[in-house]
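Trainee: Hi, I'm new to this one. Could you walk me through it?
Mentor: Happy to, let's have a look together.

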Amino acid sequence: MDSGTFAWAVTAGALVLFMTPGLAFFYGGLVKAKSVISMMMMSFGSMALIGVLWVLYGFNMAAVGDPAQLFGDPFSTFALSGVAESDLVLAFFGATFAIITVALVSGAIADRAKFGSWLIFAGLFATVVYFPVAAWVWGGGWIMNLGNTFGWDEFVLDYAGGTAVHINAGAAALALALVLGKRIGFAKGAHQPHNPPFVLLGAAILWFGWFGFNGGAEAAWVYADGSYGSLTADGTFLGTIVVNTLVAPAAAVLSWLIVEKIKDGKATSIGAASGAVTGLVAITPACAFLEPGWAIVLGILSGAISALAVELKFKLGFDDSLDVVGIHLVGGIVGTLFLGFFAKGTGLIYSGSFNQLALQAIAAFGVMIFSFVAAFIIGFVIEKTIGFRVKNEDELAGIDTVVHGEEGYVLDAK
């Protein structure tokens, strides 16, 4: 294994880890001032807990020897004992994906969740849902081998996490939003972001880190023939990946702002940040498999569709506080299914076959259903036992002081 590959894999992992504090700023700016610490702490809590669980047994669970297995043996190399140095680098890179996937879910329950209950949910969700789904998608599981199951030459395309990360997190977010119920006074326009500059800063950090998220996958495994290697990158896809990771979110910003201007009369900073994240979500599964022109089309579509989808919570009556469903679930589905039409070589417009689209749809909706059901059960049990939601009076007062004993802005400090 050459030193350059190792160096890029470690650098990319560090970039992805930095995305979670970026997410904390993005989410923190969107909530009210009295909940900013609580919101950011859910991301930092995920970094701590999921990082430990991944090293203890998550890395082992995320690889299987047979497509019929749902997850790997968690005790095979417990705490990574005896694991080779190259695989330790892979374990580090994979940990950063697990961390941010769990942290993404927290945006659906802003302003009203207990921190301890969130950590219990995070640990159970990672163990029961994320670690097995990672095995299905990347670790030799049924999704990775779905094409072979049907006797087709095509295989499910998910380069960096459209299913395992974004659809997974978005479906779990919807489940938790339903379990915890609506915030007090939930209505369109009732909860304004307290710090748009934080949101823009968070989006910028996420975009910066996403070059490690997508580009680092090229260093961690080669997905050219349906199989993964370990630290054998040769630059096959890297140019395509970085260009697409630039241009898809850029196009999504433009389309989100256009829809916002037509719909509400103004193009906002929150819309720009949300559009960027949506484009990044959509290009994640597709980054290595699209010509840049199609990446622009994907960005335009995902930005416009998600700009409309975030309004569904008001029409359907579920309080997804920070639009995890509209951005990550919808954006992940759009990006995953888009490959069925436009993936180089195998998409419908190139091959004339619906095989790729069928594989993408089965993977996307299979993960969505599993994640939603499992997250709902976990969240429901926590709510009915120790309680997941704070008291109404604590929500109204702002949960930072109640849960963490701190204030985000101490203006009269001496």
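Trainee: Which residues line the largest cavity?
Mentor: The lining is made up of I100, L104, V165, H166, L206, W210, F213, V277 and H328. A cavity is a set of points on a 1 Å grid over the protein atoms alone where a 1.4 Å probe fits but cannot get out, and lining residues have an atom within 4 Å of a point. This is a predicted model, where local features need pLDDT of at least 70, side-chain atom pairs count only at pLDDT 80 or more, and totals for chains, interfaces and linings use all residues. Residues are numbered from 1 along each chain as its sequence is written, and side-chain values use heavy atoms, without hydrogens and water.

Trainee: And which helix gives the most to that lining?
Mentor: Helix 7, with 3 residues. Helices are DSSP runs (H or I, at least four residues), numbered from the N terminus.

Trainee: OK, new topic: how are the rings of F25 and F198 arranged?
Mentor: Their centres are 5.1 Å apart and their planes sit at 80 degrees, so the pair is edge-to-face. Rings pair if their centres lie within 6.5 Å, and planes over 60 degrees apart count as edge-to-face, under 30 as stacked and the rest as tilted. F25 is in helix 1 and F198 in helix 7, 173 residues apart.

Trainee: What about F338 and F342, buried or exposed?
Mentor: Both are buried, meaning under 20% relative accessible area, while exposed is over 50% (1.4 Å probe, protein chains only). Their planes are at 40 degrees, so that pair is tilted.

Terms used. Phe/Tyr/Trp six-rings, centres within 6.5 Å; stacked < 30°, edge-to-face > 60°. Helix = DSSP H or I, 4+ residues; strand = E, 2+ residues; numbered from the N terminus. 1 Å grid on protein atoms, 1.4 Å probe; cavity = no way out; pocket = protein on both sides within 12 Å on 5 of 7 lines; lining within 4 Å.
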